[in-house]
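The following note sets out numbered points on the structure shown below. Please read each point alongside the coordinates.

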Amino acid sequence: MSDFGVRDGSQDTQNENVAVAGSLRRTLMISLVGAALILAAILYIVVRSYAAQIAQTTQDRILSASVTSILDAATIRNGALDVELPYAAFSILSTPADDRFFYAIYQDGNFLSGYSDLDYLPLPDGQMHFESIEFADAPVRIAVGARRLIGASGPVTLNVVVGQTKESLAGVLNRIAGHAALLGGGFFVVMTLFSIWLTAVSILPLTRLAASVHRRGPEDLRPVVSPVPGEMAPLVGSLNNLMRRLDHSLNQSEEFIAEAAHRVRTPLATVRTYAETTLQRVDKLENRQALRSMVRAIDESSRAAGQLLDHAMITFRADHLTKTHLNLSDLARELVRSMGPIAEMKDIELTLTAPKDVAVNGDAILLQNALRNILDNALKYSPPESSITVTVTDNPATFRVQDQGQGFPTAEINTVATRFTRGSNVAGVIGSGLGLTIVKDVATAHDGTLTLNNQPGGGACVELSF
Amino acid sequence: MRRTFLLILMLATLLSHATTSTAQQWEDHQTFGNDTARVTLRILSSTDAAYLAPIITDFVAPYPDIQVEYFVTGTAEIYDLVLQDPSAFDLVISSAMDLQIKLVNDGFASRLEDISAPAWTQWRSSLFGFTAEPAAIVLNKAAFAGKSIPQTRQQLITRLRADPAMFQDKIATYDIRRSGLGYLFAAQDARSSETYWRLTEVMGALGTKLYCCSAQMIDAVADGQILVAYNVLGSYAAAQYAHNDQIEIIIPDDFATTMMRTIFVSNKADNSEFASAFVRFLLTASARAPAPDTLRLPLLTDQNGEDARRMIPLEPSIMIYLDRLQRRAFTQEWESAIDQ
């Protein structure tokens, strides 16, 4: 049950964005059951017609025996034809269905005895002829035989017609038809059950493969190794190939990101150093002003580049989370220590309240990045000589930063965490609009929540909980 | 020559008159039930009204709306009448099994599917036997006084041979040329045993008298003209001389050729529902044991001599006895045995 549920669920999620045309299972079932139906019908018809033929042959044989025994009873006595009908000629025609019978005897085409209106067909000697006719308001099978006798006055031809109604035959045929129908029906039922089984067995490797691919984690790009039927080998081969290429290109982009970050940041840092050095050597006010603007712009670019790369990396890593057991308190302590100098430069008092251990299962790089962005934002938007409180609590693991800045604009509190969106009250501060986006993405990747609030006494409160 | 021609002409006129006229000459004609009845059931029969009168009276008693007209005539006549006008009669009763079978075979009877009867007493659910009447040897009791009574054909042959003077011209049997039933009995006997031909030859040598009918033979035996009558309908003898000790009726021990009286409903019957009700009534009565007083004929279920009973089969194969060629051949053989 649960197995089916999982499989169906997986199909449903896959079918959401897959164009479906037809169904292998249905096609297989329809073909197999259709073939079974046709075969059953053919079986019924063949058995029935064959049996009907045999039944008719049996009746023909009895009629033929009757005709022959009458013909054989004929003698020429004193020059005249004499036929003493053997009792058996009539008694063998008795049937369980009480069939009626008719007969006629002709000598040289002249009616001699029996039913004078029974059809007479002149025949050459020794041949037996059978025919189905309508006689006495009933379908009748007749046998006609002839015999030549040589008398003193020349040859005499004796013709005997014996006919019998087909009621017993019809009864036999009905019984046979019943049996044939039973046979055909049984065959159909067995074939249908077999088809259901066969379809299930044929489809099984496909559903198994789909389930195994679906079960995999997002980072699992190993090739499929469990054996599959030969017909599926090209598909699985292609799938393995595709996954290999995907794995390769993912690795490449990771490398690219690291490379790009390195390549962009380093020259910018160099340029900034030159600018600062120059600033100290330049005395002219407008030049100093220009250089300060330059440093500001470089800072802005450097930060934007860094955050863009961070964001790209986070987007990439969110798909391939490398989760480990982390201590949120340790992460917070390290972060506060590394940000300590920046806070001092702005005369901001940075306090951390954290229990010894707060266990979090997550990607270390991403979490560090997210926490740094939160604290970075707080430092950026806090006025000098204010205080920032970082609090870590357990159950659920929560990282909270409270500052004494101007807080979020109330109307934009829900949209400020989207990409390239900045609060309307921070125009004077360097920012890319990516900080909170990164935090939000990390929170989502870890099934956590990001809560933005304004404190009653002023200042923002950013809370990330897992 | 001229007289012969006139005779033929007269005969022809008579015949055509008899067949076309509505004023049929009946051996007997009786009406049972209310004259004001709405429905009249017409029964054409070869059986004397006396035998069936009580049962017909019983049948009509609960239905004031049904009247039964009972017409009695010979078996050959019955066959002709049915051929002429199948709708004239609702029911046909006859002792000539072969003619009855032929009428059914030729499609003159309607099927009564709801009547269940043993296979050997019915054919096509159309023709039903309701009596089983063995052919008997009837002896003059006085002639056999103090002597052993022959119980088989062989014993009869021995007896006849032992005292030819006594039996000369005092033996009787059916003239199979005139009696359909006699022919049927003779043909069945011949089929059953070779003894029949020896007996016929012995009878022929003793100048056997030939009769058309059972009743006359029984009368002749009773008044001593005839000492032995062979193949007589024992049922008639028993009925006619029920309280008379002049005759002895012997059902042969070796085998007793037994015929059935049969009935069918015409497929052109006006009152087929009542007709089939009558058949059902008759069959129920004839299946009852002991015999009800109303049916004065031997029942199908009669257990006496069951083993030796040689039923004439109620099957189309007995139509063979109606075949012209067959009849001619058998009659010739019979004639050469009986006319010596």
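1. Strands here are DSSP E runs of at least two residues, helices are H or I runs of at least four, and both are numbered from the N terminus. S4(B) and S13(B) pair in the antiparallel sense over 4 bridges; two strands count as paired if DSSP finds at least two bridges between them. S6(B) and S13(B) also pair in the antiparallel sense, over 2 bridges, and B:Phe128 stands opposite B:Ile263 there.

2. The model is predicted: local features need pLDDT of at least 70, side-chain atom pairs count only at pLDDT 80 or more, and totals for chains, interfaces and linings use all residues. Residues are numbered from 1 along each chain as its sequence is written, chains are lettered from A and ligands numbered from 1 in the order in which they are written, and side-chain values use heavy atoms, with hydrogens and water left out.

3. Which residues of S13(B) are buried on its two faces? B:Thr262 and B:Phe264 are buried on one side, and B:Ile263 and B:Val265 on the other. Buried means under 20% relative accessible area, exposed over 50%, and partly exposed in between (1.4 Å probe, protein chains only). In a regular strand the side chains alternate between the two faces of the sheet.

4. S5(B) pairs with S6 (residues 127-129) of chain B in the antiparallel sense over 2 bridges, and B:Gln122 stands opposite B:Phe128.

5. Contact means heavy atoms within 4.5 Å.

6. How many disulfides are found over all chains? The search of the whole structure gives 1, where a disulfide is a pair of cysteine sulfur atoms within 2.5 Å. B:Cys212 and B:Cys213 form the bond, with their sulfur atoms 2.3 Å apart. The torsion about the S-S bond is about -85°, so the disulfide is left-handed. B:Cys212 is partly exposed at 24% relative accessible area, and B:Cys213 is partly exposed at 29%.

7. Two buried asparagines of chain A deserve attention. A:Asn327 lies in strand S8 (residues 324-327) of chain A and has a relative accessible area of 13%. A polar atom of its side chain lies 2.9 Å from the backbone nitrogen of A:Val358. Beyond its neighbours within four places in sequence, A:Asn327 is in contact with A:Lys356, A:Asp357 and A:Val358. A:Asn369 lies in helix H8 (residues 364-381) of chain A and has a relative accessible area of 4%. Leaving aside neighbours within four places in sequence, A:Asn369 is in contact with A:Asp310, A:Met313, A:Ile314 and A:Ile438.

8. Most residues other than glycine have a negative phi, and most peptide bonds are trans. A:Ala136, although not a glycine, has a positive phi of about 50°; A:Ala136 is in the loop between S5 (128-135) and S6 (138-151) of chain A and is partly exposed at 29%. B:Asn231 has a positive phi of about 60°, yet lies in strand S10 (residues 228-233) of chain B and is buried at 4%. A cis peptide bond joins A:Asn395 and A:Pro396, with omega about -15°. A:Pro396 lies in the loop between S11 (387-393) and S12 (398-402) of chain A.

9. For chain A overall, the secondary structure comes to 9 helices and 14 strands. Buried residues make up 38% of its 466 residues. Among contacts in chain A with a separation of 6 or more, 63% join residues 24 or more positions apart.

Methods
A polar contact is a pair of N or O atoms within 3.5 Å; within protein, one must be able to donate a hydrogen and the other to accept it, and residues adjacent in sequence count only if both atoms are side-chain atoms.
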